[in-house]
Amino acid sequence: MPKKRVVIVGGVAGGATCAARLRRLDEQAEILLFDRGPYVSFANCGLPYYVGNVIRDEEKLLQATPALFKDRFNIEVRTQSEVLSINREARNITVRDIMKGREYTEPYDELVLSPGAAPIRPKWPGAHLPGIFTLRTIPDSREIREWIDSRNPRKAVIVGGGFIGLEMAENLIHRGIAVTIVEMANQLMPPLDREMAEYARLHLIAHKVRLSLGDGVTGFESSANGGLIVHTQAKAVFEADLVVLAIGVRPETGLARNAGLEIGERGGIRVDKTMRTSDPHIWAIGDAVEVKGRMSGEFELIPLARPANNQARIAADAICGRDVQYRGVLGTAVCGFFGLTAAMTGATEKALRRAGTVDFEVVYLHPTQHVTYYPGAHPIHLKLLFRKPDGLVLGAQAIGEAGVARRVDVIATAIQMGATVFDLEDAELCYAPQYGAAKDPVNLAGMIAANVLRGDVELAPWDKLNSRQALLLDVREVHEHHTDAIPGSRNIPLAQLRSRLNELPRSGEIWINCGIGQRSYYACRILRQNGFRARNLSGGAQTYKVLYPLQ
Ligand SMILES: Cc1cc2nc3c(=O)[nH]c(=O)nc-3n(C[C@H](O)[C@H](O)[C@H](O)COP(=O)(O)OP(=O)(O)OC[C@H]3O[C@@H](n4cnc5c(N)ncnc54)[C@H](O)[C@@H]3O)c2cc1C
């Protein structure tokens, strides 16, 4: 067999992984990796923490060097080498050596594109003024650090309240800079359902981050004192000494487009299940491609490191003739800021509604990450979505100070195995007091959902609370009801319920709430077995607090 020449464009998450996997599968192949930047295999996910001085040593961001690639994998890496074009007929690429300013061609048998995605910098007036940054590479983070070190900025505006925006907020505050986040959507973390993102909003406010939601930036200008002025659609004006644009990324498709490769409707390079593009000798992976969502079945752009790594392995395997297929992307993601963790996997309620899906149900719960008697228990606010009537798990979102990622990872794995809520209910997970509870939050989520599907309890629709015909019954203690009653609710503490059934109407429904949905579930069971039509408000007052300020 003649030895294969595989050329890879982009040497970070996707490209470097693909190169290393190729070598493990084919010792004979000639593998060349090009990156236009000065580094390969760097930790772009660590960049916010480098800006924030949590990671102080830049070298720590380098996971591999060209020398390591050569010595360990016999892979030739050329940095500062921009691939300018692809000649599909001749099967070669044109490369510009950025340092020497010369151009040359390199032939390939197979070409892998992993050029990533570029941060969006809209054509707003002043968008290129000094002091306005995006963050994608080590040099980008170095520039922000240098700006902070030399200018000692007092105020920063972060445009965009997504995952990177929130990580940057924490890190800039860590550097002693006051932060305002301007986000066009009416919530932070737009991929999350809005009520779950509300926990993030409250937490950021508690950490003195100023928020301007539902208002888009329109432009920037220099101020008389050498700073920047940020203008918004609502005519708000923010002063800043530093601006970070974190409003998303756009797939780098220039090379692919110019080579006539198929681009999909979401704007990413279109690939098949083996990560092959519309050209049989060109493969594409990572942030630059659009892939089918596992839950939606539609093409999606999900710029995350795990899918890029997974796709890199699939492409390498397929190039080496292995029978592999990418199973699609789930969008499992996690983000931490000021001690809070928000994580999600699979479908959100808004995505399901947007797609016109109706056969699903939602439950909220607020268990602690471990037993409450062990010190340091914190609530996890968990939302589980599942299909009716079979209970297929569709998605989950969780937010809290501890134990969040573990629960979402368990549910993500369950989703990928086609699990139902009955599987979550039954799942055997590890337990000791400092780690969890004998009924883990994942089990509880499964139990609550399974109770609904088995008909043991009916849920009251939160969105109909204000238009309900039903009696609203709060079964908490009197003092709890006094503290934060849902308007219009009547209070009968759970312990008195059995003896006060005669006070309740036999006609019409009774919607029951408590603090987090547990006592109200017990109350539902009592009432239903006594012939009442009772429904539970899942998640109780805790869910009400985040759902209803938003209505
Ligand atoms: C600040 C930040 C934080 C992040 N945090 C997380 C996180 O916590 N979790 C997570 O899952 N994901 C995170 N991500 C996203 C994750 O880093 C990306 O999904 C992943 O790196 C994508 O891999 P990729 O190979 O497609 O692209 P990249 O890793 O971006 O690599 C693309 C490379 O291709 C090079 N290139 C492009 N065009 C050419 C060309 N024509 N010639 C030569 N070279 C070229 C680029 O210079 C770049 O080095 C973060 C990203 C950033 C920027």
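How do the residues of the lining of the second largest pocket divide into nonpolar, polar and charged? The legends below take up this question and two other close-ups of a predicted model.

**View 1. The second largest pocket and its lining.** The lining residues divide into 14 nonpolar, three polar and 13 charged. The pocket holds about 750 Å³ of space. It is lined by 30 residues. Nearest its centre lie E349, R353, V362, W462 and D463. Helix 6 (194-206), helix 9 (349-354), strand 24 (360-365) and helix 12 (441-454) each give two or more residues to this lining. Strand 24 provides the largest share, four residues.

**View 2. Helix 1 crosses helix 8.** Two packed helices are described by the angle between their axes and the distance between the axes. Here the axes of helix 1 (residues 13-25) and helix 8 (residues 305-319) come within 8 Å. They cross at roughly 35°. The crossing is right-handed. Helix 1 makes the contact through A13, G14, T17, C18, R21, L22, R24 and L25. Helix 8 contributes A308, N309, A312, R313, A315, A316, D317 and I319. By class, this contact has nine nonpolar, three polar and four charged residues.

View 3. Strands of a sheet pair through backbone hydrogen bonds, either parallel or antiparallel.

**View 4. Strand 7 beside its partner, strand 19.** Strand 7 (residues 110-113) pairs with strand 19 in the parallel sense over three bridges. L113 stands opposite A284 in strand 19.

Technical notes: Residues are numbered from 1 along each chain as its sequence is written. This is a predicted model: local features need pLDDT of at least 70, side-chain atom pairs count only at pLDDT 80 or more; totals for chains, interfaces and linings use all residues. Side-chain values use heavy atoms; hydrogens and water are left out. Axes are lines fitted to C-alpha atoms, for helices over the stretch in contact, and angles run from 0 to 180 degrees between N-to-C directions. A crossing is left-handed if the near helix is turned anticlockwise from the far one by less than a right angle, and right-handed if clockwise. Contact means heavy atoms within 4.5 Å. Ala, Val, Leu, Ile, Met, Phe, Trp, Tyr, Cys and Pro count as nonpolar, Asp, Glu, Lys and Arg as charged, and the others, Gly among them, as polar. On a 1 Å grid over the protein atoms alone, a cavity is a set of points where a 1.4 Å probe fits but cannot get out, and a pocket is an open set with protein on both sides within 12 Å along at least five of seven lines; lining residues have an atom within 4 Å of a point. Grid points are joined across faces, edges and corners, and a volume is the space filled by probe spheres set on the points. Two strands pair if DSSP finds at least two bridges between them.
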